[in-house]
Amino acid sequence: MIARYQTPEMARLWSEESRYRMWARVEAYALEAWEALGEVPKGLSARLLAKLEEKPLDGAFARRVAELEAVTRHDLVAFTRALAEWTGDEEVGRYLHLGLTSSDIVDTAQNALLVEALGLVLEELKGVEEALKALALRHKHTPAIARTHGVHAEPTSFGLRFLSFLAAFQRDEERLKRARETIGVAMLSGSVGNYAHVPPEVEAHVARRLGLRPEPISTQVVPRDRHAEVMAALAILGGNIERVAVELRHLQRTEVLEAQEPFHEGQTGSSSMPHKKNPVGLENLTGVARLLRGYLQPALEDIALWHERDISHSSVERVILPDATTLAHYALRRLKGILEGLEVFEENLARNLDLTRGLVYSQQVLNALIARGLSRDKAYALVQRNALRSWKEGKSFLELLEADPENPLKGKELRALFDPKPFLRHVDAIYARFGL
């Protein structure tokens, strides 16, 4: 991921050094298991782990791996050779990677890193949920116009839209937790996945040490539907991020201006028009969401590999797994900041509620006419002809209805129908579903 969209936590997690440290841990835990089985001399794993604690693998080690890979054309072989050199311990070097194949190390380490990455995403998601909850509660009883097809529909609670976003992100949270559980498997099953050279006990031990579960059945790789599930959860998360971004971008339009993303001191909106306050953060999140969805397709393509394995998935995953988790982390952090600093203009909410001169109360009038005994068709025709006249002539809907001789509703009874409060009478019940 380019530096612009990295977060410090994800940059550290997906760094080359971090990846090599995780590979080394897998190798060390495998040595522990072999020692417990009595197949290698005691103390090898302890020496390796102590060395890793004393002197973590760093940039110099990564450069040495790169030098060796230029010759071997194989990253794991280059890594094991560099690790043996780095330990300076001939006996440890002799037993490194015993009975294992490259994917045993790479897949297990990658899954362990993905579990950590999803944990970071979930932490950031909690902040977004808290920001949405605060907005939902603050505007629980704030009347606003709801829109369908982009057209004014009826009054609603302004807070309900934030509660709806919160519910979607809570579903994202559950999806991400399931995906983290799905990807949380270790695999050390050998060259074609049948444990011919490494017993299942080694896999079980390494899994336990990493806080993972053994993969029930592998080939030479962990089945890639697991990774696709992670990417699907992140893609849906991106969709919900964009849902919020698109809504708030609309609300920031000059003609609407019901809400506005934060505009900080010293910020400029345009290089040529000093008056501009553009929703650049929200537009950025819309673009990021497109990327998050785009990463799903190659993950789905990775599911069908040749026979026990090929490595067509490898180049894909080196890009999409760090990029998608990093982008999700970045996007949630940026969205949280926007929500926490969101400006809501209640005077514009009230203005827009009355923009159609009362037309948004047409269903209230329709239902009242039906209650008075008119047939639905007759009531609908009465309301519609006055509504269309209001649209065309720019006149008050209430005044046109008052003057209509066929309308039995008059005076105080009619005016009472032009009140947003009844539209909010069940809002408390909706919030109660979320314990709010």
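Mentor: The charged end of Lys51 sits over the ring of Trp86, 5.4 Å from the ring centre; a charge sits over a ring if NZ of Lys or CZ of Arg is within 6 Å of the ring centre and within 35 degrees of the ring normal. This is a predicted model, in which local features need pLDDT of at least 70, side-chain atom pairs count only at pLDDT 80 or more, and totals for chains, interfaces and linings use all residues. Residues are numbered from 1 along each chain as its sequence is written, and side-chain values use heavy atoms, with hydrogens and water left out.

Trp86 also belongs to a cluster in which ring pairs link Tyr20, Trp23, Phe61, Phe79 and Trp86. Rings of Phe, Tyr and Trp (its six-membered ring) pair if their centres lie within 6.5 Å; planes under 30 degrees apart count as stacked, over 60 as edge-to-face and the rest as tilted. Over the whole structure, a search finds twelve aromatic pairs. One of them is the stacked pair of Tyr20 and Phe79, with 5.7 Å centre to centre and 25° between the planes. This pair links distant parts of the chain, since Tyr20 is in helix H2 and Phe79 in helix H5, 59 residues apart. Helices here are DSSP runs (H or I, at least four residues), and strands (E) have at least two; both are numbered from the N terminus. Tyr20 and Phe79 are buried, where buried means under 20% relative accessible area, exposed over 50% and partly exposed in between (1.4 Å probe, protein chains only).

Now the two helices themselves. The axes of H2 (residues 16-36) and H5 (residues 75-87) come within 11 Å and cross at roughly 75°. Axes are lines fitted to C-alpha atoms, for helices over the stretch in contact, and angles run from 0 to 180 degrees between N-to-C directions. H2 and H5 are therefore roughly perpendicular to each other; angles under 35 degrees count as roughly parallel, over 145 as roughly antiparallel, 65 to 115 as roughly perpendicular and the rest as oblique. H2 contributes Arg19, Tyr20, Trp23, Ala24 and Glu27 to the contact, and H5 contributes Asp75, Leu76, Phe79, Thr80 and Leu83, with contact meaning heavy atoms within 4.5 Å. These residues divide into six nonpolar, one polar and three charged. Ala, Val, Leu, Ile, Met, Phe, Trp, Tyr, Cys and Pro count as nonpolar, Asp, Glu, Lys and Arg as charged, and the others, Gly among them, as polar.

H2 is also among the elements that cover the buried residues of H9.
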